Amino acid sequence: MASSDSTSPSWHDLAGRVLGGHRLTEDEGLAVLRSGDEEMLELLAAVYRVRRRHAGNKVRLNFLMNAKSGLCTEDCGYCSQSSISKADIPKYKLVAPEQILDGARVAAERKAKTYCTVISGRRPGEKELDTFCEIARQIKTSYRLNVCLSPGFLTTEQARRLKAAGVDRVNHNLNSSERFYPQICTTHAYQDRLDTLRAVRAAGMEICSGGIVGMGEKDADVVELALRLAELKVEVVPVNFLLPIAGTPLADVRRLNQRYCLKVLALFRLANPGCELRIAAGREEHLGSLQSLGLYAADGIFVGDYLTAKGQPPEEDYRMIEAMGFEVVVEE
């Protein structure tokens, strides 16, 4: 058990200041991550005040479809779909439009508010972009879903085309701090990711951007990421916990425990009080029996599978949400 730091702030005082407009500092963020395990319940209770102000007791469900798998030219060390990965995963080009549309049907049936479609690769080809623009129009006509696309890098013109087609937001994760990033990827720069986020914002779409925790980064890197996302005023922040996948460079990296993961969620909520904070990949493995406590900080989860990893059955998510006294968002 981590020992308490006598210099840790009162968590309820800190939450109160955040609710009053205070922007979390680096020192405060580090204090959250390094807080003693015996402070966990006080920390979560304080963070829940911030979550309740902005999201009430609502939980937003999201459904993810991997519409193009593998075949990526980038060397991101955490990713099973990268050019250097030897992971045994399905590899296929963009699936048929009918399959993507059917994914929207499944998303609606599972009570999801957002349908997230992921296209692996550095950036979308023009034909892929045309296809998805047409699919987005059909989804918006047929279902009451937010449409989110994770396409890789985008130009401002490409982002404007997606906006015109009805895409609500684009997912493009920063993944870690700018300092740590070269240790997990060398085929593109951190600035490339920032440029895509700025293109998305310039086009008038919402930004979905978060990170992966547990790749070997330091506490300061996690804090830097949380604060950078706050500066960018990101609307949706997915927090992933590294799933070490055989065949990837990070296959043997295992540094997380359940309590630290909860502190990470608390940090991201305090740094980004008004965002939709989403517990993404690694939720089942790294939070385990403490998944439900994560909802005191987060107001969103994926229901179903992730890119190349399985999630738990949706029925278990529904039961967890109900048991905690939370309510699934049906209409907004």
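Visitor: Let's start with L197. Is that residue buried or exposed?

Guide: L197 is buried, with a relative accessibility of 2%. The cut-off for buried is under 20%, so L197 qualifies. Bear in mind that this is a predicted model.

Visitor: Okay, and which element is L197 in?

Guide: L197 sits in helix α7.

Visitor: What does L197 touch, if we skip its neighbours within four places in sequence?

Guide: Then L197 is in contact with H172, L174, I207, S209 and L232. Take H172 from that list: H172 and L197 are 25 residues apart along the chain, and their C-alpha atoms are separated by 7.0 Å.

Visitor: Let's zoom out. How many helices and strands does the protein chain have?

Guide: There are twelve helices and ten strands in the protein chain. The radius of gyration is 19 Å, close to the 20 Å that the globule rule gives for 332 residues, so the chain is as compact as a globular protein of that length.

Visitor: What does the C-alpha trace span along its principal axes?

Guide: About 60 × 40 × 35 Å.

Visitor: And how much of the chain is buried?

Guide: Buried residues account for 58% of the 332 residues.

Visitor: What about charges?

Guide: The chain carries 43 positive and 44 negative side chains. The centres of those two sets lie 3 Å apart.

Visitor: Back to the inside. Which residues touch the most other members of the largest nonpolar core?

Guide: That core has 100 residues, and the ones touching the most other members are Y78, Y115, L162, V239, L267 and F268. Helix α9, residues 258-271, gives the most to this core, with ten residues.

Visitor: Pick F268, then. What is F268 in contact with, leaving aside neighbours within four places in sequence?

Guide: F268 is in contact with V222, L225, A226, L229, V237, V239 and L277. There is also a second, separate core of eight residues, and its members include V118, C148, C208 and V236.

Visitor: I clicked on T117. Where is T117?

Guide: T117 is in strand β2, which covers residues 114-119. At 1% relative accessibility, T117 counts as buried. Not counting residues up to four places away in sequence, T117 touches M65, A67, I100, F132, C148, L149 and S150. C148 is also one of the residues in that second core.

Visitor: Where are N175 and K233?

Guide: Both are in loops: N175 is between β4 (169-171) and α7 (190-202), while K233 is between α8 (219-231) and β7 (236-241).

Visitor: Buried or exposed? Let's take N175 and then K233.

Guide: N175 is buried, with a relative accessible area of 3%, whereas K233 is exposed at 63%.

Visitor: Now sequence distance. What percentage of the contacts between residues at least 6 apart in sequence join residues at least 24 apart?

Guide: In this chain the figure is 76%. R34 is in the loop between α2 (26-33) and α3 (40-55), and it counts as partly exposed at 47% relative accessibility.

Visitor: And how far is E109 from E42?

Guide: Their C-alpha atoms are separated by 37 Å, and the two are 67 residues apart along the chain. E109 belongs to helix α4, residues 97-109, and is exposed at 53% relative accessible area.

Visitor: Last one: where is A297?

Guide: A297 is in the loop between α11 (291-294) and β9 (300-302). A297 is buried, with a relative accessible area of 1%. Apart from neighbours within four places in sequence, A297 is in contact with V47, R51, L265, A266, R269 and L277. L277 is also one of the contacts of F268.

Note on methods
Residues are numbered from 1 along each chain as its sequence is written. This is a predicted model: local features need pLDDT of at least 70, side-chain atom pairs count only at pLDDT 80 or more; totals for chains, interfaces and linings use all residues. Side-chain values use heavy atoms; hydrogens and water are left out. Helices (H or I, at least four residues) and strands (E, at least two) are DSSP runs, numbered from the N terminus. The radius of gyration is taken over C-alpha atoms; the globule rule is 2.2 Å times the number of residues to the power 0.38. Buried means under 20% relative accessible area, exposed over 50%, partly exposed in between (1.4 Å probe, protein chains only). Contact means heavy atoms within 4.5 Å. Lys and Arg count as positive and Asp and Glu as negative; His and the chain ends are not counted. The place of a charge is taken as NZ of Lys, CZ of Arg, CG of Asp or CD of Glu. A nonpolar core is a set of buried Ala, Val, Leu, Ile, Met, Phe, Trp, Tyr and Cys residues joined through side-chain atoms within 4.5 Å.
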